[in-house]
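Keep the viewer open and follow along.

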Amino acid sequence: RGARGLLGCAHPRSARVSQTRPVAAMASVDLSSSSINLQKVRDDAAGNLINALESRAGRKALVLDPKLGPPLMSLVNMQTLKGLEVDKLYYLQGGTLETSCQEVVFIIRPRLELMHKLAEVVLGIREDINSHNQHANANVAAGNRPGNRTLLRTKKRMPTFTVFTVPRTSDACATILKHLGVYEHLVMRKLEIDAVPVERDVFLVEHGNAWRDLAVERDTSSLFDTARALHELQQKIGEIPLVFGKGTAAKEVAEIMERLRRERFAAKERGRDRWPNDANADGDGKESVEDDASGSDDDDEDSPRDSQRDSSEEAPDSAPFSKKRTDWGMDHGGLPVGPDGWTKTKTKTKTKTKTKKEEAPPGSFSVRVENRETAFGDLPTGTPQADMLLLIDRDVDMVTPLCTQTTYEGLIDEVLGFSGGGLVSFEHLSDAAGDAERTTSSDTKTSSTVKARLDSTDRLFREIRDLNFGDACVVLKEKSSAMQREYREMRASAGGYSEAQDGNNTNTNTAENSSHKKTQMSVSEIGGFVKKMTQNVKPGAGLSLHTAIAGRLLASTRGNKHWQRVRFGEVLDSERLCMEGDGGVLGGTNLTVAGNSFGSNFNTVYERLTLMIFRECNVRRVARLLALVCLTFGGLPPKRFDEIRKEMTHQYGPPTLLLLLHMEQAGLLFRSEERHSGSAGAGHKSSSKNAAAVKKRTEGFMNTRGKLKLVVDDTSSFGDGRSDASSSGIDRKGAPPPKRDIGGVAFAHSGYCPISVRVALSAVDGSWKKTEETLRLLPGPHFSYTQSFSDDDGVTPNVGAINRDWFDVRRSNAQVVRRDTAGGNTSQAQTPQGKKKPVVIVFFVGGVTRAEISCFRFASRHMSLGIDFVIGATSITNGFGVVDSLIDDERVFDALDRNALVSESDNRVGSAY
């Protein structure tokens, strides 16, 4: 049994986090400029994690869920973990581990497949320690006294195993652990970490398998965790008035969220009527959570049990006119006087003034309770930080994740791939030596591994991440040219350089040199240039880093005629044919595929698909294009359906059958006749409900392709997708930004506008009654309501009809005003009279792509919506991630070769293409 440590190192038993990844820098994303208070969300999550680790005393080994580890490591750094006596970090991948710590702490999701790995680690550690102790006892029994220390073994103490499940425990997992025989050796706790912010406008409820659980396993546990996370978020930023949603999963999340809202109110009301000696009173339902997070009730000074203990101790001392519990001269003999709510209002203590210092979010339930007499009408106590919550089921738009992302950040995700925490690792070809050796052997190159973390802390990445890849390359070229120009000017001002010298012109006279000397740069200017040069040229940062990444992407997507690889341009062209269908792009008309007839576009794409199988392309790429063909053309003809399944099975082996079965269950693979007959899925009658969803999803894309203008014929009409001048810093000769229409978001997929973005923009622009007919063509119901309160008392939660007049007024008052200065495009986005834009939280149940995030940022900056978007999701995914989620064991297929290099001497293309 081999130990597997962090990142699957070759020698993981001695591997530490500080030696393998920059964990200390992962919590450095600045959230101060966020539209909502994501800083408090991160602080609360970090506090719960620290309290959980503090509850286990002594040196400890920390074992993390591989998918949950990166978000957790973004909350704390290594210095904090060392202060909490964390000795080593591991990822849970089965096997065993060698540790001398007396505490082994697991932080995992309550998933059944992880329970087997957890049991394997626990049993492995116990087996190793028992074996060691048996040898120690045998040596002592054999007469090996302290004089012979070569055979003497000291006994090891069995460590304590503590399991924190995020964000709640599971009875099914406990049953599995009991069956595996390790439950009695574990201390089970829950760790409430719901949402983790990763950017100033992005937060995640980390559920990487949420889409598979819903589409294949029919497991809805992730919906409760999502609803709970959104409910807890509203306790920090205020209850969001408007709620919109599209999709079956979105509707279930909204129902659970409303149920939690009412249950919280009922718990608050019960707390007001609670008597001090009620031992089992739950109050607001937070006691059990605090007990699990802290691990000890004695450390919590304000815990309900302490308040009950204080009341019971003070009650016997109550005497006539004592003014502690009774102020009318009656001795109750230690009995409680009345409910806690009544006692707190009648008693003036220091704890009352202490609790008043905590400010509740505006528009929240707590503010209304404190102002019961005036809690009537529409949010009289303040305005929440967010104005609208839009829930989108990933099943509504399964086409977008299957398309190639063409933004700079999206293409990095497609070609290089982001590991946990936004880390990118790739091999880069560089010159072998300096200028002296370059003259003798210009073709000598060496490969080096480049590792970097890409997020908003990188200023240059923040500028170009949401641009189309071609435009990002233009920006990098402009910045490189500007730096070279500054360098020439600095050399010229020093008198040792001129433009003529740069052109190898020997006819430079002394007059030109003297004119350069007259404009010498100051010492501070030279120091500033050197500092800028150092930041941009040093390896792994700045312009040098992104130039290397852009070169790596260009090398991977350039393509060639080698028969084993598919050209990147051919892949984009195939996707374009799928988007257009067999009817082509006909303006705003509705495009459909009549009957079972398939035209030239389908035949071309199918031919390329079979050629990819013959070339032994990676199975993930083949399955990705196959799913896109089925969704855009309405399935495969029966003959082609059986043919493609047979070819893939022969080429990639029997495990392909299980992958294809999961694709059928998820509605990504089906025959064209099943779309018309109403039978799909795995071919069983029990999948009739799934067949209806597949039928609506397929026909929905084809019927809304024209109505929603999903395909833009002329890609030059929607601009280049660049950010505004305030964020990109690109000088465009002072010209104002070009006017963008709704087709501008097509830059993220080279001519395709995501359905999810169209649905979100329709919800923001106006009521869904205007687009109700189009929304009905997409899978799942659509709904909208207002989170209001009862007119009787102004406190009881209620659901009301949608009323968005105030929202439209705020939008109109917050239209973007750009100011163009004479010196260049240094415009700033401001709102009249300093009014803040309305904030819309768009949450994807099932995952969101990086290109979709770029589309929402583009819409907020350029489309004059008067809206700030905040994106939430269960995970960040792409087409390969969708296919990977359908593979039970990734070891049965070849992994994507993301580290292959492209050299000029051979004809091979690296990475995924």
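Buried means under 20% relative accessible area, exposed means over 50%, and partly exposed lies in between, with a 1.4 Å probe and protein chains only. This is a predicted model, where local features need pLDDT of at least 70, side-chain atom pairs count only at pLDDT 80 or more, and totals for chains, interfaces and linings use all residues. Residues are numbered from 1 along each chain as its sequence is written, and side-chain values use heavy atoms, leaving out hydrogens and water.

Start with the cysteines. Cys473 is partly exposed, at a relative accessible area of 21%. Cys855 is buried, at 0%. A disulfide is a pair of cysteine sulfur atoms within 2.5 Å. By that rule the model has zero disulfides. For Cys855, the nearest cysteine sulfur belongs to Cys753 and is 7.7 Å away.

Helices (H or I, at least four residues) and strands (E, at least two) are DSSP runs, numbered from the N terminus. Two packed helices are described by the angle between their axes and the distance between the axes. Axes are lines fitted to C-alpha atoms, for helices over the stretch in contact, and angles run from 0 to 180 degrees between N-to-C directions. Helix α32 (residues 755-765) and helix α35 (residues 850-862) have axes that come within 10 Å and cross at roughly 35 degrees. Contact means heavy atoms within 4.5 Å. Here α32 supplies Ser756, Val757, Ala760 and Leu761, while α35 supplies Glu852, Cys855, Phe856 and Ala859.

Now turn to strand β1 (residues 60-64). Five of its five residues are buried, so β1 is largely enclosed by the rest of the structure. In a regular strand the side chains alternate between the two faces of the sheet. Lys60, Leu62 and Leu64 point one way from β1, and Ala61 and Val63 point the other way. Two strands pair if DSSP finds at least two bridges between them. β1 pairs in the parallel sense with β3 (residues 103-108) over five bridges, and Lys60 has Glu103 as its bridge partner there. β1 also pairs in the parallel sense with β2 (residues 86-91), over five bridges. In β2, Lys88 stands opposite Ala61.

Finally, look at an open sheet. Eight strands form it, in the order β6-β7-β15-β14-β9-β8-β12-β13, with mixed pairing. Its edge strands are β6 (196-199) and β13 (797-800). The twist averages 25 degrees from one strand to the next. Inside this order, β7 (residues 202-204) and β15 (residues 868-873) pair in the parallel sense over three bridges.
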